[in-house]
Each structure stands twice: as structure tokens, then as C-alpha cells.
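The following note sets out several points on the helices and loops of the structure shown below.

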Amino acid sequence: MNQQQVTLPIQWRDPVVSAIMTVLTLILTLFSKGYSNISFNKATTWFEGGVWTIPAATTGWLMVAIAAVVTVLIWVRAIGRKKVSAWLLGLVGVAFVITFLVWMVADRPTANLPLVSLLSGGLMFATPLVFGALAGVVNERSGVINIAIEGQLLLGAFAGVLVGSMFGTSWVGLIGAPLAGMGLAVLLAWFTITFRTENIVVGVVLNMLALGLTSFLFSTLLKNSPHLNQPMRLPIIRIPVLADIPVIGPVLFNQTILVYLMYAAVIIMQFMLFNSRWGLRVRASGEKPKAADTVGIKVNSIRWHSVLLGGALAGLGGAVFTIGQDLAFSKDMAAGNGFIALAAMILGRWNPTGALAASLLFGFATSLGIVMQSVGAPIPAEYVLMTPYIVTILAVAGFVGAVRPPAEEGKPYP
């Protein structure tokens with residue numbers, strides 16, 4: 001008997017997105033004229049990078065050609081019902097970004113695009129998002145929805161500068177920040193796992209608790225005792241040789257310990273979640289808790305440990321706002337980054353490396369908005385600064401494609 005073959009539907013999202021980005025690249029190129037100045041100052045200590053002047057239109061047409069070829073390849077694979085690699089879509093995106101950067105300073109002899117500062121700023125803004133997204137990944141993989149990342153970031157920022165000021169060193173603040181994040185995580189685990197309360201409601205309430213608590217302590221304690229809110233920064237740790245790699249070196253390897261901890265956290269979490277017994281138990285607790293229980297896995301214990309680990313990671317992310325940037329604490333310092341971290345987690349499909357890529361996208365958009373203001377770009381920088389929030393809305397609304405969360409997330413056990 002002949003078996004009836006099932007024809008999979010064509011996935012139009014990737015080809016349509018690539019076509020839109022290619023058209024936008026073409027439009028920017030049509031409006032590009034003259035030359036663009038790209039500054040490579042501080043790109044390396046081996047030689048002076050200086051300012052490079054490149055033809056804007058020629059560069060734009062080259063990017064259009066690359067984007068068009070890749071877009072055709074994406075359409076061919078999509079129509080043939082073959083999987084489209086994320087790298088192909090990323091290449092079209094890179095072509096668009098390069099064209100946008102060149103257009104931004106085109107035909108403006110006094111405007112230089114500071115490439116190293118742009119990329120360094122993007123990494124700085126992305127670091128707390130990565131920590132927050134990792135917190136969400138480990139929590140939701142175990143079956144607990146963590147909406148309280150915003151509050152954990154805020155408490156981490158507060159505790160980092162408070163403890164650091166008390167002991168006179170930012171290194172001790174680096175210990176206080178994750179402990180503060182874990183403190184809020186204890187409440188999250190207590191209500192959601194022990195008392196089986198609705199996860200999202202608890203997360204929203206904990207965010208309000210963290211905001212109210214830090215605002216109260218800021219107004220009563222820190223304002224009356226300024227010595228407890230001293231701006232301090234973790235020292236810059238320069239990695240020899242690697243820090244001298246042109247452009248990439250100063251961006252990636254001339255950072256504080258928090259950035260290096262972020263690198264390590266992504267690598268370790270990626271390996272442990274998908275290549276270790278612990279990771280298998282965490283994922284089983286979020287996907288098939290009943291099956292996990294039958295083989296002796298203590299589901300609620302795994303969830304408790306995962307929530308505490310997520311709180312520590314988010315607390316470290318909060319430290320970036322204060323001791324990571326030589327800033328004193330101020331009210332609502334997290335400024336919605338916890339919710340953007342949640343969007344990065346969804347865009348990254350509950351995967352540490354995917355969350356890293358999404359966080360870098362948001363961080364780059366924020367840094368680009370600031371650079372646009374400094375160079376006097378022809379469009380308001382506020383439109384670019386809106387990018388992380390727009391993508392957050394699209395991610396939460398489900399317009400980023402078919403993403404499937406852990407099957408039992410938010411559901412109490414037993």
C-alpha cells in the first residue's frame with residue numbers, strides 16, 4: 001500500500017524579512033552620496049587606525065548586491081521547503097546595518113563614525129541583557145516563568161553599589177549583587193513552587209516590590225548617607241595580545257570582570273544545559289515533569305535550584321548598571337531592561353547562545369542611537385532607540401516565528 005506523503009507548508013517569514021531588508025538597503029543606497037568617514041581610533045595599539053574615507057554609494061551598492069544574492073538563495077531554499085540557515089538571514093542584516101552606518105555619515109566631512117566606541121557601547125548595553133536572558137532560560141527550562149528579572153536586575157544594581165561602598169571596594173559589591181538577586185528569587189520560588197501561585201502574577205508583584213523597596217531605601221538611606229552610594233567601578237582587565245586584535249580586540253578583551261563572567265556564563269550554560277546530566281534533569285522538569293519524577297528526579301528541588309541560579313545571574317547583570325559603569329544608584333535604574341531580557345530569551349528560543357545573539361542586537365541598537373545623537377544623524381536617534389522595545393513587542397506577540405516554550409512552564413508540580 002502506498003503511503004501518502006505529507007507536504008510541509010512553505011515558511012514565508014525568512015524570505016519576506018530578507019526581501020524587506022534588501023529593499024531598505026537599496027533605498028538607503030539611493031540616498032547615499034559623497035564619502036563617509038569611519039574612525040578606527042583606538043582600534044589597536046599596534047598601529048594608528050585613523051579615519052578611513054570610503055565612497056558611500058559604492059559601498060551601498062556592494063551591500064545591495066550581497067543582500068540580493070543571499071535573498072535569492074533564501075527564497076530558493078524556502079520554496080524548496082528546505083531549512084533556511086539563520087546565518088543567511090544574519091548576512092542580509094549585516095549588509096543593511098553597514099549600509100545604514102555609511103549613509104548616516106555620508107557627504108558630511110565633519111562627521112566621523114566612531115566604530116570602536118559603537119561596538120564597545122553595544123557590548124556594554126548587552127551585558128545586563130545577557131545575564132537577565134540567561135536567568136530566564138534556566139528558570140523556564142525548569143518550568144518556572146520568571147517575570148521578576150526586572151526586579152532582580154534592580155536589586156543587583158542597588159546591592160552592588162551599597163555593599164561596595166560599605167566595604168570600600170567594588171569587588172565585594174560583586175558578591176552582594178548576585179546575593180540580592182537570589183533573595184528575590186527565594187520569594188519567587190517560594191510562592192510559585194511551594195505555594196503553587198500563578199507565576200506571572202508573582203513576577204509582576206515582585207517587580208513592584210523591588211522597585212518600591214529600592215526607591216524607599218534610596219530616598220531614606222542613600223540620600224542621607226551619600227557615602228553608601230559612592231560611584232565605583234570594577235577595574236578594566238586587559239588581556240594581552242587578544243586586546244590588540246584590530247577592532248575586535250579592544251571591544252571584547254579590554255573589559256571588566258563582569259563582561260568576562262558573561263562570556264563564561266553563556267559557554268557554561270550552553271554546555272551544561274544540553275550536554276550534562278544536570279541539564280537533562282532541568283529540561284525534563286520543564287518538559288515532562290511526570291516522566292522525570294518516575295525515574296527519581298526531584299522536580300521541585302530542581303526548580304528551586306534553577307530559580308536561585310537564575311536570580312544570581314540576574315543580580316550579576318544588575319551590577320553592570322552601577323559598579324560595572326562607575327555609576328551611583330538611582331531610582332528605577334533597570335529601566336525596563338528585564339523585560340527586554342525576556343524578549344531576548346524568546347528570540348533566542350530558550351537557548352543561551354541564541355539569547356546572547358538577541359541581546360547583542362538590542363545592545364547594538366541602543367548604542368547606535370547614542371552615536372547617532374553624537375554625530376548629528378539626519379534622522380532622530382529616538383527612532384533607533386525604540387528598536388529594542390519594538391522588537392520586544394513583536395517577540396512577545398509571537399511575530400518572530402514559531403517558537404515553542406518548555407511544555408510545562410508555569411505549571412506547578414505535582
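1. Helix H4 bends by about 30° at Ala126, and a proline, Pro128, follows within four residues. This description, like the points below, refers to a predicted model.

2. The length of H4 is close to expectation: its 28 residues reach 40 Å from the first C-alpha to the last, against the 40 Å expected at 1.5 Å a residue. H4 is also mostly covered, with 23 of its 28 residues buried. Just after the helix, Gly143 takes a positive phi of about 110°.

3. H4 (residues 115–142) is paired with helix H12 (residues 299–319): their axes come within 7 Å and cross at roughly 175°. Angles over 145 degrees count as roughly antiparallel, and the crossing therefore makes H4 roughly antiparallel to H12.

4. Which residues meet in this pairing of H4 with H12? On the H4 side they are Pro128, Phe131, Leu134, Ala135, Val138, Asn139 and Ser142. On the H12 side they are Arg303, Ser306, Val307, Leu309, Gly310, Leu313, Ala314, Leu316 and Gly317. The residues of this contact divide into 10 nonpolar, five polar and one charged.

5. Helix H5 (residues 149–167) has 19 residues, which should span 27 Å at 1.5 Å a residue; the C-alpha atoms at its ends are 27 Å apart, in agreement. Of these 19 residues, 17 are buried, so H5 is largely enclosed by the rest of the structure. Just after H5, Gly168 takes a positive phi of about 75°.

6. Two aspartates deserve a separate comment. Most residues other than glycine have a negative phi. Asp326, although not a glycine, has a positive phi of about 60°. Asp326 lies in the loop between H12 and helix H13 (337–347). Its relative accessible area is 39%, and Asp326 is therefore partly exposed, since that class lies between the cut-offs of 20% and 50%.

7. Asp332 also has a positive phi, near 50°, in a residue other than glycine. Its place is in the loop between H12 and H13. At 38% relative accessibility, Asp332 counts as partly exposed.

Note on methods:
Residues are numbered from 1 along each chain as its sequence is written. This is a predicted model: local features need pLDDT of at least 70, side-chain atom pairs count only at pLDDT 80 or more; totals for chains, interfaces and linings use all residues. Side-chain values use heavy atoms; hydrogens and water are left out. Axes are lines fitted to C-alpha atoms, for helices over the stretch in contact, and angles run from 0 to 180 degrees between N-to-C directions. Angles under 35 degrees count as roughly parallel, over 145 as roughly antiparallel, 65 to 115 as roughly perpendicular and the rest as oblique. Contact means heavy atoms within 4.5 Å. Ala, Val, Leu, Ile, Met, Phe, Trp, Tyr, Cys and Pro count as nonpolar, Asp, Glu, Lys and Arg as charged, and the others, Gly among them, as polar. The expected span of a helix is 1.5 Å times one less than its number of residues. Buried means under 20% relative accessible area, exposed over 50%, partly exposed in between (1.4 Å probe, protein chains only). The bend at a residue is the angle between axes fitted to the seven residues ending there and the seven starting there.
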